Amino acid sequence: QVQLVESGGGSVQAGGSLRLSCAASGRTFSDYAMGWFRQAPGKERELVAHISRSGGSTSYAGSVEGRFTISRDNAKNTVYLQMNRLKPEDTAVYYCAARGRMSVTYGYWGQGTQVTVSS
């Protein structure tokens, strides 16, 4: 089992920045690729950013490319999402998730943290 706890959400004006953190416990953190997802009211959950087990490979949704940065610190069992130039359409609940070495799906999820961007 992997337990994930997000923090760092909040309210910010458009153009501002937030940094989300996700602390993991329970298993060897570096065995898991990590993702940040978000879900806005009335919309499906979408993958925002992904990072490989080592942190050497990242990918982003087109809507956040160039504004968001995912990173991880395996020594601290933590993955981050730096969000810059935030837009009202970034408003959502943000979740971190873990995907095991032999898995094609994200099997572990945090409880989510709310991000609200006002215009």
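**View 1. A disulfide links Cys22 and Cys96.** In this predicted model, the two sulfur atoms sit 1.9 Å apart. Cys22 belongs to strand 3 (residues 18–25) and Cys96 to strand 9 (residues 92–99), so the bond ties together parts that are 74 residues apart in sequence. The link is right-handed, with 50° about the S-S bond. Both Cys22 and Cys96 are buried.

View 2. Zoom in on Met83: leaving out residues up to four places away in sequence, its contacts include Leu18, Leu20, Phe68, Tyr94 and Val115.

**View 3. Phe37, Tyr106 and Trp109 gather in one aromatic cluster.** The whole structure has 4 aromatic pairs. In one of them, the ring centres of Phe37 and Trp109 are 4.7 Å apart and the planes meet at 55°, so this pair counts as tilted. Phe37 comes from strand 4 and Trp109 from strand 10 (residues 108–109), 72 residues apart. Is Phe37 buried or exposed? Its relative accessibility is 9%, so Phe37 counts as buried. Trp109, at 33%, is partly exposed.

**View 4. Two arginines lie over tyrosine rings: Arg19 over Tyr80, and Arg45 over Tyr95.** Arg19 is 4.0 Å from the ring centre of Tyr80. For Arg45 and the ring centre of Tyr95, the distance is 4.1 Å.

Technical notes: Residues are numbered from 1 along each chain as its sequence is written. This is a predicted model: local features need pLDDT of at least 70, side-chain atom pairs count only at pLDDT 80 or more; totals for chains, interfaces and linings use all residues. Side-chain values use heavy atoms; hydrogens and water are left out. A disulfide is a pair of cysteine sulfur atoms within 2.5 Å. Helices (H or I, at least four residues) and strands (E, at least two) are DSSP runs, numbered from the N terminus. Buried means under 20% relative accessible area, exposed over 50%, partly exposed in between (1.4 Å probe, protein chains only). Contact means heavy atoms within 4.5 Å. Rings of Phe, Tyr and Trp (its six-membered ring) pair if their centres lie within 6.5 Å; planes under 30 degrees apart count as stacked, over 60 as edge-to-face and the rest as tilted. A charge sits over a ring if NZ of Lys or CZ of Arg is within 6 Å of the ring centre and within 35 degrees of the ring normal.
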